[in-house]
Structure formats: C-alpha cells, structure tokens
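Please look through the sequence and the 3D structure shown here, and then read the briefing that follows.

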Amino acid sequence: MKKNSSKKDKSSNTSAQTIGRRDIIKGLAAVPVLGAFSYAWLKKNKIDETLRQQMREVVSLTSQPVELAPAASGDPIRVGVVGFGIRGKQLMRAAGFPEPSWIDEQIKAHAENKANTNYQNYMEQEQLNMIVTGVCDIFTVYSKEAAVAASNINREGADGKMGSEPKQYKTYIEMLDAPDIDAIIIAAPDHWHAPMAIEAARRGKHVYCEKPVSWSVPELYQLVKVVKEKGIVFQLGHQGRQTESYTKAREAIEKNILGKINLIEVCTNRNDPNGAWVYDIHPEANETTIDWKQFIGQAPWHDFSLERFFRWRCWWDYSTGLNGDLLTHEYDALNQIVGLGIPGSVASSGGIYFFKDGRTVPDVLQVVMEFPKKDLSFLYSATLASSRSRGKVIMGHDASMEISDRLVIKADGDSTQYKTKIEEGLIDVNNPLYSFTPGKKGADGFATATEQYFASRGLLYTYRNGKRVDTTHLHIKEWLNCIKAGVHPSCNIDRAFEEGISAHMSTKALLENRRVFWDEDKMEIV
Amino acid sequence: MSKSDNIYNYTNIQAFLLVTLRVLLGWYFLYEGITKIANPDWTSMGYLMDSKGLFSGMYHSMAANASVVTVVDFLNKWGLTLIGMGLITGLLTQLALIFGILILVMYYLSHPALASVTYLMPMEGSYLWVNKTLIEIFAMAVLLVFPTGRIAGLDRLIAKWTKK
C-alpha cells in the first residue's frame, strides 16, 4: 500500500480520489495510540506479574482437595436408616435415595425458574455403592416415606418406576439384628445417637452417625470403647470435612503463613423459626401414629407432646442445644484446620432471649475455650435471632484468615514476618495476600473487585459448569469407601471423641455456671 | 485543516475533539475486551445473574444455560476488543459504533439504574436512571451522526482506495 500511495503522491493535488501523503498521515493518525495502549498494557501486566510473583513467594498453597476414589465396586453395602425427619431425608437424598415428591418439587422449581438447576445437579450426583435394606422411624408416616425413598433407585418423581421397598422396622434393635444390614445411618434425636451407635457397633455394624456424637458423657466413653473393640468404621456427620477451602486453610497454617495463632472466632447466626428449631408439626401425627415411649427412651418421662416430638431440639431432655447442634460444626471445622484437640478449659454463658416458647435450651450462647498447650483461645458466639453474617476468623500475629466458601488471608500491618516486605511496598495489607475460591483455576490476591463480589456471594465458581457437589454426599461416600477398604474416615471415632468432650464441657460450663476443666491424665471433665 | 480534506466541514477544533472522543471510547472498549481475554477465569455469568429490572428474566435465563454463557463470553471478549480497535484506528468506524451502541444497550438493560434496585457489583458513582453506560451510548450516537473515520482513520484510506 505504501508503494502504491507514494506513486500516487505526485497527483494528490489534482485528484481527491487518489491517496496522498496527507491521506496516509491522517488515515494512520490514531494508529500510534495502539502503540501507547500496548505499552500501557504491557507495563500494567508487568507490575501485576511482579506482585503476583512476590505473593507466590510468600504464599503458595499447593494442596489439592482430597479426590475421593470412585464409589467402591463389588457388592453394594446394605444400609439401614434410622430416622427420616429433616436430616434423615437430606442424608437419604445425599446417598442417592430422594423422596419422589422432592424430585417433583425440583423439576417444578426448574420449570418456574431456569436458573434453578438443583434438579440437574442432583441427577449428576454420583451413584454410591449402597442399597437401603431397612428403614426405621417411630412415626408411621415417616417410616412409609423412608421406604418409598429407599425404593426410588432411579431418582424419579411420583409417577416414576420404583424398585422394591425395604423392610420397615418398628425398633432399631430389630433392624440391627437383621442379617441383611451391614451398616446404619443414624439421624435420630440427639439422645438416641450414642445408644443406637453402641448397639450397632456391638453387632459389628458400621455406623454413620449424625452430630453430636452423644447426649451424655458416660455413653461417649462406652461408644469409643465398643467402636475400637469391634473395629467398625465410624463416621461422624460433620460434612464440613469435605469442604475444599478447609484443606487449603490447613496447609496455610502448617506453612506458618499466619504466624502465631492466638485467637479463633467462630459464629452461628440464624434468624428464622426453622433455624431456631421451631419445625412444622405433621398433620397426621398423633398418639397412634407415633411410638412415644420409644421416643422418650432414657430421657425423663413426659406426657405425649407433638411440640416435643417435632421440635425436640428445644429441650435439654433430648437435645444438646446450640452446643451439640451448631458449635460442634464450627469446632470440628477448626479441629480439622488447626488440630485443636480437647480444650484445657471452657466457660460459657447465654440465655433464652428471643424464643420464649417454653424451650429450655438457650437461643443466644457464648462459649470460650482455652487451649493452653496451643496458646490460643477459641471463641464461639451464637444467636438464633439475628442473621448478621460473621465469618470464621483465625487470627495470627502475621496474618489473619477468614473462611467461608472462599478463603481469604490478609497480612497484618504490624506483622514481624512481613515487616520488610510491607515497608518495601511488596505486600499491601489492604488487599488479600491470598484468596481461594473453590472451582476457580488459579488462586491469588488479584481477582478483580467485581469477581470478588460475585464470588463471595456464591454467584460464580461454585456454579461454574452448573455443578455443585453436596458435601454430605461426599462424606457418606468417604464412609462407604472406608468400609470397603477397611480404613478409618476423616471424622472417625477419635475426632468424634474430641468433638463430644468439647461440646459436653461447654454444656456443663453453661448449666453449672462455672469454668470446667479437662483432666488429661484421668481423661475426664472436672 | 484545508477544506479539500475536510469532507464534513468541521472546524479544526471540532474535528480534533470528535476524533479524540472516538479514540478515548476505543481505548476504553479495547481494555475491557483485552482484560477479559487475558483472564482465563473470566465469565459473564455473575453479571448476567446480577441483572435486575424489566428484562432481568431474559438475562437470568441466559446465565442458566452454559452454552449460551459460552457464546456471550466470546462475543463480549472479542466484540469489545474489535470495537475498541476499530474506534482507535478509525477502521469501519460506523460499524464499530453501531455494534458498540448495541452492546452498551444490552448492558444498560441488564443493569438499569433504577431508584428501587441495588446491585452486587459495586458502582463507582451515584446513579439515578442515567448512568455511565447511558452516557456512553449517547456519546457513540453523537459520533455516529458526526462521523470521523474519514477525517482521521483507516476509513479514509479505504474510501480513497475503493473510489479510486
């Protein structure tokens, strides 16, 4: 073109239709701007890359989430399920046995709102190597529903083709005695967890037990003893063990990125009746459809009460309150990340400040655990009447870490470890030193502001490729795989013992209104 | 600027400001496009899902369909980049302006600055009905009716070349 135009130059004054020098200059006038743009862009990239490189030198976490082996092959494990209330239904779904009505609801929800992909995600959930060969619920309606769900092997709606229904047992003991039961999933009220798990272990049946591990201290010791004697595979239902960001958090702490950890703050914030355990009462529930005597078990006798049956978490007689229900999740997460063990001492206070509905367990609670061997305090603060969101925060001398679906580490302005780097401007204390969002390929402190906003609200990566895996599903899968492999899972009986003792110490401190201690030599709470 | 090469009869200052406005808009488009291409994790999904107002249903259903998101991502990355390069160099200027306006209208309708809505995405200013996007749309519309590609731009060479 240049060749051509230079030739035409001579005639440019005579004809406006030919390309002259002036045309070339004006035609290309703005092209140098592209050069300026490239310069600016490369320079910015270089600055970002240098900073990234420096950050990587400070923080580089390489751990990958534990990839569970595919569902173990061979004969399926024959599982009995005790309890088909709210959690029982969730567990059965996670195991691959949904109620047909739930499937219909998900299909309808997707039809009404295309953005709701629960149904598609659920159908993509891996098939586990288990069958449900027995169900047991002392409310006849739930018992029937459990049997139908167990037969829903193709995950279909109400008009779908079901498999054969398992036997419905009137008592869990009869179910445990059945020869076609290898293992049980316990989703009964808290005061039944340990008695059922003990009986199962005695018969050599493997146990997946919902948290908390026990309602009282003596039964916890019994359970640990029999589980170890019989060598069964025990998994406590803290599905947080499968959370991807916890693995990274643990690695960061092992690499001393936070420096000396001295304070951990964890919280529960809920603000609706359901979150405060005021569950619906089933219209068909009455003295003939519920085996009330079996519900009471070892708890103090009380006349038949629908409130107590459906909202048992509100009474100490059957429940372990916030300590057993929600503190345990937070404690177990931190026990996984930091390796807390059993606290040296625990203090606790709280009260029934909002839900004055006759309940005996507090709806606002504070627990302070001291870990003198680790030189750190663990603070749990909970309310069932405010949904203000507060994260899990681990505070160290050099950096602090906040854990939710994401993981964010920020350097401390007064850190010793990072002092020079902060002074040299290599570390910016206002921006994350490291941030990790599950599902995202890279992990660094450089996600754009927009990206961070969306990701922190779960709008981005957890939905990427339309897939969101249920941690409860992974937790059950780990248990089943461990049974096949004859090894112990992540939330095994030792972790369960630590969880149980910590929760019981918290309850004892609250109820006795004093600081309680753990006597390590005698292995008892004093 | 002599009359002979000023086919639109702009004064020098008019031509200079119009061309500058075009180049600045181009720079802005180009950088938005290039950063998206450079970031392998970038996706329009969060933005689509954050849509509010009258047309939000359409944007949400786009976000729900993985293959639609892939197409939207591609069109955004390369659309913004090519429009930006077109505006800076003055290549196919009018076409770049039309596509630029279209893409901006899509942005505006997905996130209208209504009094009653707030977005997840942080805004860098305070907007009521009128926002940055709307002003860009009208700035580009002005450039569409006051063309500059044939004053300073590759379009000038193309015009001469084809009419030769």
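Val81(A) stands opposite Ile185(A) in β4(A), where strands are DSSP runs of E of at least two residues, helices are runs of H or I of at least four, and both are numbered from the N terminus. This is a predicted model, in which local features need pLDDT of at least 70, side-chain atom pairs count only at pLDDT 80 or more, and totals for chains, interfaces and linings use all residues. Residues are numbered from 1 along each chain as its sequence is written, while chains are lettered from A and ligands numbered from 1 in the order in which they are written.

**Strand β4 and its partners**
- Strand β1 (residues 77-82) of chain A pairs with β4(A) in the parallel sense over four bridges, and two strands count as paired if DSSP finds at least two bridges between them.
- Strand β4 (residues 183-186) of chain A also pairs with strand β5 (residues 206-209) of chain A, again in the parallel sense and over four bridges.
- In β5(A), Tyr208(A) is the residue opposite Ile185(A), and Cys209(A) is the one opposite Ile186(A).

**The two faces of β4**
- In a regular strand the side chains alternate between the two faces of the sheet.
- Both faces of β4(A) are covered, since Ala183(A) and Ile185(A) on one side and Ile184(A) and Ile186(A) on the other are all buried, meaning that 20 or more other C-beta atoms, placed from the backbone, lie within 10 Å of the residue's own.

**The whole sheet**
- The open sheet has six strands in the order β3-β2-β1-β4-β5-β6 (chain A), with parallel pairing.
- Its edge strands, β3 (167-169) and β6 (234-236) of chain A, each pair on one side only.

Technical notes. A residue is buried if 20 or more other C-beta atoms lie within 10 Å of its own, exposed if 12 or fewer, and partly exposed in between; C-beta atoms are placed from the backbone.
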